[in-house]
Amino acid sequence: MGSLDERNPSLWVESFGPDRDRPALEGDLKADVAVVGGGITGLITAAMLTEAGARVVIVEAGRLASGVTGYTTAKVTALHGAIYSKLEKGAGAERARAYGEANLAGLAAIGDLVSRYGLDCEWESASAYTYTSEASYRDQIEAEAAAAQRAGLAAAVTDDTELPFEVVSAVRLDDQAQFHPRRFCLGLAAKLEERGVKIFELSRVIDVDDGSPARVKCATATVEADWVVLATHIPFLDRGLFFAKAFPSRSYALVWKPQSADAARRNGMYISVEAPTRSIRSTAGGHLIIGGQGHKVGAEPNTPACYEALVSWADENFGPGEATHQWSAQDYAAVDGLPFVGRQLPGSHVLVATGFAKWGMTNGAASASILSDLILERENPWADAFSSTRMGPAITSSEFYKENFDAVGRHLIGDRLKTLRPPAANSLAPGEGGICELDGDKVAAFRDDDGTIHAVSPVCRHVGCLVAFNPAERTWDCPCHGSRYTVDGKVIQGPAVHDLEPKAT
Ligand SMILES: Cc1cc2nc3c(=O)[nH]c(=O)nc-3n(C[C@H](O)[C@H](O)[C@H](O)COP(=O)(O)OP(=O)(O)OC[C@H]3O[C@@H](n4cnc5c(N)ncnc54)[C@H](O)[C@@H]3O)c2cc1C
Ligand code: FES
């Protein structure tokens with residue numbers, strides 16, 4: 001238990017760990033800082049605070065590095081698709097520059113941890129590329145390279161790549177990196193434990209009392225701390241309304257093993273600027289990772305088709321082969337493009353970091369630096385740009401209203417109207433799931449391969465939207481704010497913290 005998708009483990013989850021089981025939190029503890037969430041953001045925050053002398057406790061709902069960090073493609077770069085043109089237009093040149101500097105510093109911070117702690121995590125230098133294969137995107141590539149340069153990146157335009165298909169133009173940024181994210185995180189966790197950090201797993205935090213001290217509450221245990229860092233991907237506390245300011249999108253990845261082993265190894269890390277997005281990198285072990293095919297969470301009924309689209313694209317572009325691993329995961333993007341990092345509300349002792357838009361390696365490390373500086377009362381050059389309590393486009397843009405209208409209007413109300421007369425649960429074939437009628441009740445029903453029906457309430461425990469069945473992962477995904485549950489209703493991913501109500505079958 002603890003992985004996002006045990007049915008489709010990522011290359012990282014399958015190839016490394018967990019190193020060992022850690023205890024669940026029991027009783028009542030005290031610490032200077034309680035970090036909730038043991039992904040890359042939580043672990044690097046814990047490392048920075050521990051090095052500054054703070055007593056840190058980490059409380060993780062599942063297993064360390066089994067959340068999105070275990071299901072990433074793990075490119076460690078400040079070149080993020082075409083983010084700099086978008087940020088310049090929306091948030092302005094100054095904040096675009098802050099984003100660039102913060103992410104370059106994030107890359108350096110991870111590299112520094114790797115070398116100082118001697119972490120064996122397949123860390124290797126690589127160039128990052130944002131490319132296009134369509135002539136109509138050439139101008140966009142050139143505009144992105146110029147915006148990235150203004151943001152402080154040594155970006156250049158090139159059409160020279162090692163990709164086996166035509167690239168019209170690309171932004172290139174050298175001296176970036178890639179790694180094995182679980183080897184990094186679990187290695188770092190072991191070093192932190194040697195330095196006295198207490199780490200608890202299988203301990204879901206269900207509430208936090210803000211204040212000085214603040215109190216972190218699990219079902220039967222608490223941690224009292226001066227500061228609480230919610231490094232939980234999306235904050236599960238609704239107080240700062242982050243679920244209404246950052247929106248989840250799901251993406252797919254696979255390892256493609258071409259018949260020709262030479263076709264697998266690439267030195268660069270690539271992402272297309274045009275949709276559907278294609279992400280390409282390889283590993284030191286010769287695995288070729290292809291990603292993309294993103295969509296809003298809960299909005300794609302045929303999720304297996306997303307894997308199929310990646311398989312046929314890999315086959316067409318890298319030659320016939322076999323998909324040895326496939327997985328999917330989701331990440332949140334803020335409307336104005338910058339993560340939310342800082343206090344959940346002005347004056348609060350509960351801190352958050354979210355909205356990494358599928359670039360959370362460097363953004364996670366940058367957030368760790370902003371949050372630890374806040375706690376240690378040090379100036380941080382990027383704190384204002386990433387401010388979690390900022391106003392402006394983050395909450396006033398038309399996209400903000402559109403996204404929230406979509407969630408509240410289309411899903412909270414519309415999905416109930418669409419399911420007024422649901423089909424009978426016993427009409428489901430093995431492997432199928434959906435909102436069904438069972439004994440006069442509307443339920444989220446799934447029939448497993450043995451023919452057994454699993455039924456739970458379809459009402460998400462966050463703010464009550466109806467969940468949608470994800471046939472590829474066999475999970476219930478909430479289209480409103482991205483909570484996910486197993487077919488038996490156990491929370492996999494927040495903002496929900498409580499399980500779906502079970503229904504008798
Ligand atoms: C398909 C895909 C590919 C990506 N590729 C890249 C890439 O190449 N480069 C890049 O920079 N970024 C990439 N990203 C983004 C990056 O993986 C994420 O932004 C990053 O891993 C987020 O890290 P995190 O620590 O904030 O969250 P997580 O890794 O999700 O960690 C949060 C942890 O908090 C725990 N938690 C949650 N709620 C609670 C609770 N109530 N109590 C206790 N614990 C709790 C979870 O179990 C989890 O372990 C990708 C994302 C996706 C979806
Ligand atoms: S995640 Fe918000 S209602 Fe489901």
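Q: At what angle do the axes of helix α4 (residues 93-117) and helix α6 (residues 181-194) cross?
A: They cross at roughly 55° and come within 11 Å. Axes are lines fitted to C-alpha atoms, for helices over the stretch in contact, with angles from 0 to 180 degrees between N-to-C directions. This is a predicted model: local features need pLDDT of at least 70, side-chain atom pairs count only at pLDDT 80 or more, and totals for chains, interfaces and linings use all residues. Residues are numbered from 1 along each chain as its sequence is written, while chains are lettered from A and ligands numbered from 1 in the order in which they are written.

Q: Why is α4 called oblique to α6?
A: Angles under 35 degrees are roughly parallel, over 145 roughly antiparallel, 65 to 115 roughly perpendicular, and the rest oblique. The α4 and α6 axes cross at roughly 55°. So α4 is oblique to α6. The crossing is also left-handed (the near helix is turned anticlockwise from the far one by less than a right angle; clockwise would be right-handed).

Q: Which residues of α4 and α6 meet?
A: Leu113, Val114 and Tyr117 in α4 meet Phe184, Gly187, Leu188 and Lys191 in α6. Contact needs C-beta atoms, placed from the backbone, within 7 Å. By class, this contact has 5 nonpolar, 1 polar and 1 charged residues. Ala, Val, Leu, Ile, Met, Phe, Trp, Tyr, Cys and Pro count as nonpolar, Asp, Glu, Lys and Arg as charged, the others, Gly among them, as polar.

Q: What makes α3 roughly perpendicular to α5?
A: The axes of α3 (residues 83-90) and α5 (residues 138-150) cross at roughly 70° and come within 7 Å. That angle makes α3 roughly perpendicular to α5. Tyr84, Ser85 and Glu88 in α3 meet Ala143, Glu144, Ala147 and Ala148 in α5. The contact has 4 nonpolar, 1 polar and 2 charged residues.

Q: What surrounds ligand 1?
A: 40 residues do, and the closest are Gly37, Gly39, Gly67, Thr72 and Gly360. A residue is near if its C-beta atom, placed from the backbone, lies within 6 Å. By class, the shell has 15 nonpolar, 20 polar and 5 charged residues.

Q: Which element gives the most to the shell around ligand 1?
A: α8 does, with 4 residues. α2, β11, β15 and α8 each supply at least two.

Q: Which domains does the shell around ligand 1 draw on?
A: At least three residues come from each of domain 1 (23-72 + 182-236 + 342-388) and domain 2 (125-177 + 247-333). The domain assignment also gives domain 3 (400-493). The centres of domain 1 and domain 3, taken over C-alpha atoms, lie 31 Å apart.

Note on methods:
Two residues are in contact if their C-beta atoms, placed from the backbone, lie within 7 Å. Domain bounds come from an automatic or database domain assignment.
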